[in-house]
Amino acid sequence: MAEVAYFTKEGLEKLKEELQQLKTTGRANIAKAIAEARDKGDLSENAEYDAAKEAQGLHETKIAKMEETLANGRLLDESKIDSSKVLALSIVTIKNTKNGAKMTYQLVAESEADLKAGKISVSSPIAKGLLGKKVGDKTEIQVPAGKIEFEVLEISR
């Protein structure tokens, strides 16, 4: 059974646009590359043709995966989400209790994660450790550098 993925409206639209681009422009570019390679002669010894066919297979696999993600994707309605505890789409400000560093992250679907934009995947170690916590809660989270204790300072949407 496929895994359900939760998306913001912006993330779902971005995924749909990328899929549409792959289906139209992407397929046309690959068909053009195959035709050019085919025109170069004997297909049994044509590495360029083999490479183009392999690229086509990888491209179609990517399209199929994106279609599956879209089919199992669910749009989250932020207005109906409880903001008293950390959930998917929460914007949470946390403090490292050891060094006092404050960080703000939004918990999003894996496909929307972008650390530079402050968006982390709900399946990341930090997000998993924060899910369900309330303001004032402290939690010890296992990260690659070891265990770090964080305190939840603020939760918003």
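A nonpolar core is taken here as a set of buried Ala, Val, Leu, Ile, Met, Phe, Trp, Tyr and Cys residues joined through side-chain atoms within 4.5 Å, where buried means under 20% relative accessible area with a 1.4 Å probe and protein chains only. The model is predicted, so local features need pLDDT of at least 70 and side-chain atom pairs count only at pLDDT 80 or more, while totals for chains, interfaces and linings use all residues. Residues are numbered from 1 along each chain as its sequence is written, and side-chain values use heavy atoms, with hydrogens and water left out.

The largest nonpolar core has 14 residues, and those with the most contacts inside it are Val86, Val92, Ile94, Ile126, Leu130 and Val152. Two or more residues of this core come from each of strand E3, strand E4 (102-108), helix H3 (125-130), strand E6 (138-143) and strand E7 (146-156); helices (H or I, at least four residues) and strands (E, at least two) are DSSP runs numbered from the N terminus. Another core, of nine residues, lies apart from it and includes Leu12, Leu15, Ile63 and Ala109. Leaving aside neighbours within four places in sequence, Val152 is in contact (heavy atoms within 4.5 Å) with residues including Val86, Val92, Ile94, Leu130 and Lys133.

Five strands form an open sheet of mixed pairing, in the order E5-E4-E3-E7-E6; two strands pair if DSSP finds at least two bridges between them. Strand E5 (119-121) and E6 stand at the edges with a single partner strand each, so one side of each is left without a neighbour in the sheet. E6 and E7 pair in the antiparallel sense over six bridges, and Thr139 stands opposite Phe150 in E7.

Helix H1 (residues 9-38) has 30 residues and should span 44 Å at 1.5 Å a residue; its end C-alpha atoms are 42 Å apart, which agrees. The expected span is 1.5 Å times one less than the number of residues. H1 bends by about 35° at Leu22, the bend being the angle between axes fitted to the seven residues ending there and the seven starting there. Leu22 is among the buried residues of H1, as are Gly11, Leu12, Leu15 and Leu19. The cover over the buried residues of H1 includes strand E1 (5-7), helix H2 (47-72) and E2.

Leu89 lies in the loop between strand E2 (73-75) and strand E3 (91-96). Leu89 has a positive phi of about 75° although it is not a glycine. At 2% relative accessibility, Leu89 counts as buried.

Notes
Buried means under 20% relative accessible area, exposed over 50%, partly exposed in between (1.4 Å probe, protein chains only).
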